[in-house]
Amino acid sequence: MYLTKEEEKMLDGEYGEVVERMFRLLVRLGDIYGAEKMIPIGSAQIAGVSYKSIGDPGLEFLEDMASKGARVKVLSFLNPAGMDLEQWKKLGFPEDFAERQLRIIEAFRKMGIVITSTCTPYLAGNLPRYREHIAWSESSAVSFANSVIGARTNREGGPSALAAAICGRTPDYGLHRFENRQPNVKVKVEAELSRISDYGALGYVIGKEIKNKIPYFVGIKNANVDQLKSLGAAMAASGAVALYHIEGITPEADLVEKDGIEEISVEERDIKKVYEDLDCGEDPDIVIFGCPHASIREIMDLVNLLSNRKLKKPLWICTSRSVKELSDRIGLTEIIERAGGYVVSDTCMVVSPIEKMGYNTTGVNSGKAANYLPGFCKQKVVFASMEELVERIT
Ligand code: F3S
């Protein structure tokens, strides 16, 4: 691989042990995937933040890195942690879990990483531009950045995103190169999609079928940012889709080659079947929205549905801290709390230990959460629209 003089210094240890170790990791990755050079990145987004996911070995690794002076070179955000970093006591998170989670966050803070734990960094102050190279690791954020914004990132692991953040570079391979961003399956959507959960259902069924291919959708007439993030998150979870194109909607759709590729179609009955398959038929113990983390519009939608109702079961809507602050400021949080729910930030239903907090059945409107909750959190799932779920617990 060609290295600049500066990169050779990194590799030779002139910037210290941590940079050398991290840069070696990137070079190894580049060699495996045939990269010819490194490219500078505009930002990083680092997964492996929840104590539930990384445990004591992860905590020790991060504390060791921080104590050796690791510092990030580019704007770097964190993926959701295992708890709300401020309201954890009120929400019933276990003390010993909280103590370790806070140590993880402190290690990241020492490295210069912005302490905002979210899977929607693009809604919280880390917005890449079209064609900007970035190194992000949360699969739903990777999908959104590649597809909706047209930025360029591979699906990084936690360590490779951290290495890229510390070195300010990533190897030039995979989705950083336009020739690898071409679709290989055309998906004809012959179903009406209106609710966010419909897009989650579409993503769930397509991800399962096409695995890690790049789909080119036709027939989606309109979709807002919330619907697109739901679609991408579900495809990344039930399959491993890191980039999709939608005719007339996403920025590279007109530029890519879509003639002569395999075609599949999705009909109304396929979407309906996802709702049937993912609903265990029981009453939820808790309903959790915000996978991926909710936008202010989704919080507003929830507030409209809750008007003058009282919740009979716990309800969380998960979001980034900055969106929660907006929600606090314009009085939405207060309305949700008056109904008996919470606006929860820094975490989500999958990376928090809800199975240890007395919940067995969780209601969600997210195809991604529905896919992960049984395995990661031992939950039975009720998958339905936001409207239906609110109806069921009020
Ligand atoms: Fe985000 Fe958690 Fe869903 S990280 S995409 S809210 S599973």
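**Entry 1: a salt bridge between side chains**

I first looked up R152 and E252, whose side chains meet in a salt bridge (3.5 Å, N to O). I count as a salt bridge a side-chain nitrogen of Lys or Arg within 4 Å of a carboxyl oxygen of Asp or Glu. The model is predicted, so local features need pLDDT of at least 70 and side-chain atom pairs count only at pLDDT 80 or more, whereas totals for chains, interfaces and linings use all residues. Residues are numbered from 1 along each chain as its sequence is written, and side-chain values use heavy atoms, with hydrogens and water left out.

**Entry 2: domains 1 and 2**

I noted that the protein chain is divided into domain 1 (5-178), domain 2 (182-268) and domain 3 (279-392), the bounds coming from an automatic or database domain assignment. For the contact, domain 1 supplies 19 residues and domain 2 supplies 19 residues, where contact means heavy atoms within 4.5 Å. I found the C-alpha centres of domain 1 and domain 2 to lie 27 Å apart.

How much area do domain 1 and domain 2 bury between them? I recorded about 1500 Å², 64% of it on carbon and sulfur atoms. Buried area is the accessible area (1.4 Å probe) that two parts lose on being put together, summed over both.

Across the interface of domain 1 and domain 2, the rule finds one salt bridge. I also noted five residue pairs in polar contact between domain 1 and domain 2, both residues at pLDDT 80 or more. On the side of domain 1 that touches domain 2, nine residues are nonpolar, seven polar and three charged. Here Ala, Val, Leu, Ile, Met, Phe, Trp, Tyr, Cys and Pro count as nonpolar, Asp, Glu, Lys and Arg as charged, and the others, Gly among them, as polar. A polar contact is a pair of N or O atoms within 3.5 Å; within protein, one must be able to donate a hydrogen and the other to accept it, and residues adjacent in sequence count only if both atoms are side-chain atoms.

**Entry 3: further salt bridges**

The structure holds 33 salt bridges, and I looked up several. D346 pairs with R321, the closest N and O atoms being 2.6 Å apart. This pair links distant parts of the chain, 25 residues apart: D346 is in the loop between β13 (342-345) and β14 (361-364), and R321 is in helix α12 (residues 321-329). Helices (H or I, at least four residues) and strands (E, at least two) are DSSP runs, numbered from the N terminus.

Are D346 and R321 buried or exposed? Both are buried, on the scale where buried means under 20% relative accessible area, exposed over 50%, and partly exposed in between (1.4 Å probe, protein chains only).

I then turned to R109 and E106, whose closest N and O atoms are 2.6 Å apart in a salt bridge. Both lie in helix α5 (residues 95-110), three residues apart, about one turn of the helix. R109 is partly exposed at 44% relative accessibility, and E106 is partly exposed at 30%.

D64 forms a salt bridge with K68 at 3.0 Å between the closest N and O atoms. I recorded D64 as partly exposed at 28% and K68 as partly exposed at 40%.

**Entry 4: helix α7**

Which residues of α7 are buried? I listed G158, S160, A161, L162, A163, A164, A165, I166 and C167. Helix α7 (residues 158-167) is thus mostly covered, with nine of its ten residues buried. Just after α7, G168 takes a positive phi of about 70°.
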